[in-house]
Amino acid sequence: MDIKVAEKVYVAIGTDPQEGFATLEWALRKWSSPSISIVILFLHAANNTSKDYVYTPLGKFPANYMSDERLEGLRKMKEEENDKLLSRYKAFCGKVKAEVLKIEKCNEPLQKLLLELISHFRITKLVMEITLMKSSYGFRKSHGVLSGSFHIHHRKPEFCQLFILSGGKLVFLREENSKGFIEDDQGVRANGKGTLRDWSGQIKLSEKNLCPTASSSSPSRFPDQWENNVEEIESYFHQLISLNSDEEGPEAENETLWNGPDVQENKSVGDTVEMLRIKIGRARDVTKLKKKEAKANVERNARAEWAICLCTHRSEELEARIDEEIATRVDLKKELDNAEEEVCEVRNEVEGKKGKLSSMLELQHELSNRLQQSSLAKYRVEAELEKAVTKRAEMLREIEEWRRQRDVLQRRIEFCKDKDAIGMANRLTDSSFECKEFTAEEIRVATDNFLERLRLKSAGDSTNVYRGRLNHTAVAIKLYDSENGLSHEDFQAEVKVLSQIRHPHLVSMIGFCSEPKCIVFEYMHNGCLRDALFYAPRSSRGSNLNWHARVRMAAQVCSGLAFLHSARPRPIAHGNLNPSKILLDHNLVAKIYGFRPSWYYLPNMESDFWAFGNLVLQLLTGRNWAGLVDEAIVMDRAHIVKVLDDGAGKWPVDLAVELAGIALRCISANDGPPDTELSMATVKREIDLVRQKAEEIMAGREHEAAADGGEEVEDSDVPRVFICPIVQDVMKNPHLAADGFSYELEAMEEWFRTGHDTSPMTNLKLNHKLLIPNHALRSLIHDWHNKRSIPLS
């Protein structure tokens with residue numbers, strides 16, 4: 001579909017606002033179609049100064065009297081006035097699309113400039129006020145104004161229609177007897193004689209007679225004209241009525257003036273001449289009267305046109321108001337319909353609310369009945385509660401009794417532990433201590449002739465280490481196979497070296513047996529670190545190996561290695577340090593185990609540094625794979641946080657990063673040149689600081705938890721008395737055996753079904769197989785589970 005281009009009407013106006021608004025108003029009245037756009041050709045002088053004189057609001061002054069700054073200020077002031085006038089012109093156009101072209105009048109004639117604009121823009125309709133020509137020919141050169149207008153009229157292209165206006169009134173250029181003159185649509189003519197003001201005034205005078213208030217009309221198109229002239233319109237209406245009643249008078253008078261005595265044929269020539277003279281006088285009087293009547297008729301016609309003009313505008317205004325009122329009524333009708341619909345909806349809503357209210361009243365009545373029933377039930381519950389309180393008091397007394405028995409049992413356990421510890425310490429610290437050599441019979445009795453069930457396992461694989469009891473003490477017996485080629489001298493050398501090593505974090509040797517070749521070590525109840533870290537169930541791993549316990553184990557292993565590296569006369573290297581060589585006692589204290597004779601006196605310690613760094617990374621991540629070290633080298637802080645073992649609880653990030661930094665230093669000891677400042681003693685000092693920070697963090701958390709009621713305080717170390725010696729797990733149904741120790745019922749029944757009649761702890765024969773339920777211990781275990789929010793299944 002073709003888009004219709006709006007036709008442009010060019011209106012040439014100047015700086016005279018009265019003429020400009022009148023010309024624009026005429027153009028807007030003539031072309032009111034929305035497809036028409038107005039282009040305002042604003043013609044103004046290039047500047048308001050000349051070489052000799054300056055034109056100011058106060059008059060003309062010599063140019064040399066004013067400074068350049070003042071001249072520039074006058075120029076800017078004139079430009080601002082022109083811009084404001086253009087804004088008023090565009091606003092006067094209202095909704096009609098309007099645009100402005102500012103044209104500066106130079107020294108060339110104005111008619112030449114206008115012809116160039118017509119050709120350049122292909123102007124098809126040009127509306128021009130005639131007063132524009134006076135700026136080129138002077139205000140008093142009317143002949144030049146007419147010649148300039150005729151010049152444009154004759155030389156314009158055929159496609160251009162020229163409309164010349166004077167005072168908002170269309171005028172026409174006429175030629176008669178080779179002379180030009182201007183004539184308006186009412187036939188009022190002004191020739192080239194006289195000044196421009198004279199013949200322009202003639203045309204304006206005729207316009208004023210037609211519509212006296214047109215010259216004073218504002219750009220808003222007669223907004224208050226009717227209100228200002230309503231009384232005058234009414235008086236004019238009454239005057240017309242009176243004139244209609246008096247129309248016959250003048251006609252009768254005219255008849256009288258014309259109908260005089262006829263000339264008689266028999267009268268003399270002198271009488272006839274006298275009679276004709278009288279008639280001529282009467283004709284003159286009639287002519288004067290007719291002239292007066294014609295003048296009065298012209299005035300009445302002008303006044304009638306003025307009244308018609310006002311009434312037309314008034315009728316148009318009333319029609320617009322009527323249309324507006326009709327539109328308003330339609331809108332009000334729509335609003336009324338909407339309001340009626342809303343009232344209907346509100347009425348329906350009220351009906352619905354009434355129904356709900358009645359339902360709520362019924363519900364209130366029902367709730368009142370239930371409240372009464374609840375009150376009765378409350379009285380019965382209060383009575384039952386009093387009974388329950390009484391029963392609770394009795395239960396509290398029983399609980400106090402059980403707690404008293406628990407305290408007695410704990411004191412007995414602590415006494416036994418202290419006694420064993422003192423005995424072990426006395427044996428280990430005795431300067432004259434020498435490892436005891438056990439007989440083969442003692443070894444076989446301790447291991448029940450190397451019973452397969454007593455063979456210790458690591459990651460599900462059997463080892464050459466057996467659990468046994470010697471002198472009522474649990475021990476671990478490592479059996480050396482004679483087929484592996486270990487000579488008697490090498491065995492004795494290993495025994496000698498191990499017997500000389502004593503440290504809290506090194507597995508202590510208790511004794512040995514020459515045949516069969518075996519070494520007796522202290523028994524580590526929680527096995528090796530590899531099983532606890534990688535193969536234990538995730539629930540028990542999180543409770544036993546939390547982040548705090550792992551930091552403590554790293555410090556303990558570092559302490560043992562530092563002791564070996566600082567041994568005298570020559571330092572000792574482990575050579576094969578890994579999580580399977582770290583054993584845990586019943587209190588999760590880490591001790592190093594597994595020295596090999598070929599690695600005892602190695603001067604090169606870098607392998608222990610690398611192994612310890614790898615061990616720390618395994619404690620941090622809970623992972624054991626070949627690429628862990630390579631991945632750790634490129635880890636940053638964010639990556640370390642991602643790979644931390646969440647099974648250890650919420651790690652303190654700064655602490656974990658610091659521990660990882662120590663591990664990376666130890667790992668990188670083999671890659672570059674030897675670090676003379678790096679020693680296991682230095683690493684021990686650094687890791688002891690990390691352990692101290694961990695202790696402070698745990699103390700702070702326990703203090704905060706205690707301030708909140710103590711409900712979140714958890715003991716990561718399971719009390720040893722809660723663990724079954726057979727299955728090494730917290731007991732659910734503890735029973736007391738004849739040896740005085742408590743065991744899990746199912747484990748002890750299985751022990752008896754396999755043909756055993758000895759104690760699993762002492763390896764001595766039991767007096768009887770009767771198992772007695774240990775209710776006190778079961779109550780303690782139940783309280784411990786409740787404290788840690790772990791249900792007892």
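Arg-404 is partly exposed, at a relative accessible area of 46%. This value comes from a predicted model. Its salt-bridge partner is Glu-401, with N and O 2.4 Å apart. Glu-401 is partly exposed too, at 34% relative accessibility.

Where do Glu-401 and Arg-404 lie? Both sit in helix H9, which covers residues 269-429. They are three residues apart, or about one turn of the helix.

## A bridge between helices H18 and H19

Glu-658 pairs with Lys-693 in a salt bridge. The closest N and O atoms are 3.1 Å apart. This pair links distant parts of the chain. Glu-658 belongs to helix H18 (residues 653-667), and Lys-693 belongs to helix H19 (residues 680-707).

Lys-693 is partly exposed, with 36%.

## A network around Arg-75

Some salt bridges share partners. Glu-72, Arg-75 and Glu-79 are joined into one network in this way.

How far apart are Glu-72 and Arg-75 along helix H2? Helix H2 spans residues 68-92, and the two residues are three apart in it. They are therefore separated by about one helical turn. Glu-72 has a relative accessible area of 34%, so this residue is partly exposed. Arg-75 is partly exposed at 28%.

## The total count

How many salt bridges does the model hold? The count comes to 22.

## Coiled-coil annotation

An unreviewed UniProt entry places the feature "coiled-coil region" at residues 315-349 and 385-419. What is the helix content of residues 315-349 in the model? That span is 100% helix and 0% strand. Its end C-alpha atoms lie 50 Å apart.

Notes:
Residues numbered from 1 in each chain as written. Predicted model: local features only at pLDDT ≥ 70, side-chain atom pairs only at ≥ 80, totals over all residues. Heavy atoms only, no water. Salt bridge = Lys/Arg side-chain N within 4 Å of Asp/Glu carboxyl O. Helix = DSSP H or I, 4+ residues; strand = E, 2+ residues; numbered from the N terminus. Buried < 20%, exposed > 50% of the residue type's maximum accessible area, 1.4 Å probe, protein only. UniProt positions renumbered as here; feature names shortened; annotations may be inferred.
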